[in-house]
Amino acid sequence: MLFPTVIAALAASGQLAAAAPQPGLRLVKTSEEDPGQWVTEEQKWELFKSKGIGFIDVTDIKSEKFLQRLSTKPSARVSGRLVDFPTELSHIEEANGFIASASLEGPQSWLSSLAEYHTRHYQSESGQEAAQWFFELVTEIASVNPAITVEQFEHSFNQPSIIARLPGASEQLVIAGAHYDSTTGSATSRSPGADDNASGSVTVLESLRVLAEAGFSPQSTIEFHWYGGEEAGLLGSADIFAEYSAQGKNVTSYLNQDMAGYSPSGTPTIIEDYSDPDLNEFMNLVITEYTGQAPNRDSCGYGCSDHASATANDFPAAFIFEDLTDQTSPYIHTPNDTPDTIMWEAVERHIQLTIGYLVEASYI
Ligand SMILES: [Zn+2]
């Protein structure tokens with residue numbers, strides 16, 4: 001059911017015309033103004049992804065509020081923020097203790113294994129096998145702390161997302177996430193996806209390993225997410241954040257890790273669009289303290305990664321990218337996005353800032 005004002009707004013922008021389902025096609029949006037275009041899976045690649053145009057697949061989004069948010073510029077939205085982000089850090093010693101036990105040994109091995117799958121395309125068999133292997137890996141790593149639960153979040157497509165949950169004293173949720181699928185355009189073409197986005201996936205997993213082995217008992221509950229179907233238009237994260245919104249979950253902040261392993265400048269970048277300005281200033285403190293680098297600032301456009309799903313469900317989100325967007329890996333979405341192109345000192349910085357973020361944000 002649409003609210004009358006929503007119907008008027010949609011009719012005015014021509015969106016109702018686009019909303020009649022087209023069997024076998026997917027409805028995608030490339031901007032707030034775009035009423036939606038029905039395309040094939042192949043056209044997602046040809047028209048958008050191969051040209052670097054961001055898009056969101058809205059075919060399965062049921063929430064009118066979510067859809068309305070995707071058609072409204074973030075600057076025109078009222079923030080749903082539940083907490084004020086502090087202007088100074090409070091747990092530096094504790095976080096540095098955890099960071100000291102982080103290592104690249106696991107990440108290097110896990111990234112190689114992920115890249116060995118022929119592709120992790122969300123509609124491929126090897127993409128399902130990678131999902132199962134990664135789920136078992138996360139489960140094994142989390143098992144050192146029996147309080148941590150690991151589950152698969154099922155979607156309408158055959159590549160579940162994975163959620164590990166470290167219970168805190170409160171139900172408030174602090175989340176770090178990364179997509180683990182990959183693409184070079186089809187479900188059968190070779191797509192190692194080392195930087196995009198095995199690098200972010202292993203960054204989040206190493207952060208889990210460190211906090212699990214240290215027996216960290218957080219104030220807020222911490223979740224670690226790995227999404228399927230990101231390359232097809234943020235499918236996994238859209239499902240999860242829509243569900244969290246419907247359930248009234250208190251997500252106080254979300255940190256997205258999409259590409260963490262290629263950084264010629266050696267400086268992480270705060271993505272300033274479709275993210276929360278106050279959380280970004282908090283992340284500026286976190287990055288500066290825990291990596292020793294003052295971050296760059298940049299933007300990445302509509303639907304560029306999973307933080308957009310959190311933002312469009314009114315959850316404060318940040319996206320910390322490997323470098324400025326014009327200095328990023330030239331190999332992504334090609335068969336050459338291989339482990340030998342990874343700059344491991346960049347991954348190390350992202351692990352540091354992710355652990356720093358999780359510890360600091362869990363006390364807010
Ligand atoms: Zn990508």
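Okay, let's start with a crossing: helix H6 passes helix H8 in a right-handed crossing. Before going on, some housekeeping. This is a predicted model, where local features need pLDDT of at least 70 and side-chain atom pairs count only at pLDDT 80 or more, while totals for chains, interfaces and linings use all residues. Residues are numbered from 1 along each chain as its sequence is written. Helices (H or I, at least four residues) and strands (E, at least two) are DSSP runs, numbered from the N terminus.

Back to our pair. H6 covers residues 105–116, and its axis comes within 9 Å of the H8 axis, crossing at roughly 140°. The axes are lines fitted to C-alpha atoms, for helices over the stretch in contact, and angles run from 0 to 180 degrees between N-to-C directions. So H6 and H8 are oblique to each other; under 35 degrees would be roughly parallel, over 145 roughly antiparallel, 65 to 115 roughly perpendicular, and the rest is oblique.

Who touches whom? On the H6 side, Trp110 and Leu114 are among the residues that meet H8, where the partners include Val202 and Arg209. Contact means C-beta atoms, placed from the backbone, within 7 Å. By class, the contact of H6 with H8 has 9 nonpolar, 3 polar and 2 charged residues. For the classes, Ala, Val, Leu, Ile, Met, Phe, Trp, Tyr, Cys and Pro are nonpolar, Asp, Glu, Lys and Arg are charged, and the others, Gly among them, are polar.

H8 (residues 194–213) also packs against H12 (residues 344–362), at about 50° with axes 9 Å apart. That makes H8 oblique to H12 as well, and H8 passes H12 in a right-handed crossing. This contact has 7 nonpolar, 5 polar and 1 charged residues.

Most peptide bonds are trans, and most residues other than glycine have a negative phi. That brings up Leu234, which has a positive phi of about 65° although it is not a glycine; look for Leu234 in the loop between E7 and H9.

Now the sheets. Eight strands make an open sheet, in the order E4-E5-E7-E6-E8-E11-E9-E10, with mixed pairing. Two strands pair if DSSP finds at least two bridges between them. E4 (149–153) and E10 (296–298) are the edge strands, each pairing on one side only. The twist averages 25° from one strand to the next. Inside that sheet, E6 and E8 are parallel partners over 5 bridges, and Ala176 has Leu255 in E8 as its bridge partner. Helix H9 (residues 235–246) packs on the sheet too, touching E4, E5, E6, E7 and E8.

There is another open sheet, of 3 strands, in the order E2-E1-E3 with antiparallel pairing. E2 (37–39) and E3 (56–57) are at its edges with a single partner strand each, so one side of each has no neighbour in the sheet.

Over residues 162–354, the chain is 33% helix and 21% strand.

Definitions and conventions. A crossing is left-handed if the near helix is turned anticlockwise from the far one by less than a right angle, and right-handed if clockwise. Two residues are in contact if their C-beta atoms, placed from the backbone, lie within 7 Å.
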